[in-house]
Amino acid sequence: MMIRRQVWQASGLLLVVLTLLYAVPAQAQDVDYNYDVRIVINSTRIPYDVPPLIKGNRVLAPLRATFEALGASVLYDHATKEIAVLHSRAEVRLRVGGSTALVNGQERPLDVPAMLFINRVLVPVRFIGEAIGAKVNWDESSRTI
């Protein structure tokens, strides 16, 4: 009886491990985890507790840290996964997993849907900058925005 229970427990543990092994790469497809991307706003490099990453040839950065560095306030509703960003030049609303956002009431597409990564919402940096009318440039040689 004891051996049977141990076999069932081991089988269950193996199932959990295999599920995790196959689930993580499916979510991480097309993501560059090379964390040497830098984001600079007005000559100041933005520090992140979760680094920017590249997905679908787009640099994604933590939404809150980036918008706050640009002078915005960010509100996040954990229950609905909705985000509201208030800036002097724009009001932005979007949802985790959504491929569109509302910027000053007008729908705008996101090149890559907003996603959760290590408990942070990441969105394309170009979208963040353009939402408030900022100029966004990519320097390939230094991997800097």
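So, the lining of the largest pocket: its residues split into 10 nonpolar, 5 polar and 2 charged. By class I mean that Ala, Val, Leu, Ile, Met, Phe, Trp, Tyr, Cys and Pro count as nonpolar, Asp, Glu, Lys and Arg as charged, and the others, Gly among them, as polar. Bear in mind that this is a predicted model, where local features need pLDDT of at least 70 and side-chain atom pairs pLDDT 80 or more, while totals for chains, interfaces and linings use all residues. Numbering starts from 1 along each chain as its sequence is written, and side-chain values use heavy atoms, without hydrogens or water.

Back to that pocket. Its volume is about 300 Å³, and of its 17 lining residues, Val40, Ile41, Leu70, Ala134 and Lys135 are the closest to the centre. A pocket here is an open set of points on a 1 Å grid over the protein atoms alone, with protein on both sides within 12 Å along at least five of seven lines, and lining residues have an atom within 4 Å of a point. Points are joined across faces, edges and corners, and the volume is the space filled by probe spheres set on them.

Which element gives the most to this lining? Helix H3 does, with 3 residues. Helices (H or I, at least four residues) and strands (E, at least two) are DSSP runs, numbered from the N terminus.

The second largest pocket comes in at about 240 Å³. Thirteen residues aside, look at the middle: Arg64, Tyr76, Asn119, Arg120 and Val121 lie nearest its centre. Helix H2 (63-69), E6 and strand E12 (120-124) each supply at least two lining residues, and H2 gives the most, with 3.

E6 takes us to the sheet. That's an open one of 5 strands, in the order E6-E7-E8-E9-E10, with antiparallel pairing. Two strands pair if DSSP finds at least two bridges between them. At the edges sit E6 (73-77) and E10, each pairing on one side only.

Now zoom in on E9, residues 100-103. Thr100, for its part, has Pro109 as its partner in E10.

How values were computed:
1 Å grid on protein atoms, 1.4 Å probe; cavity = no way out; pocket = protein on both sides within 12 Å on 5 of 7 lines; lining within 4 Å.
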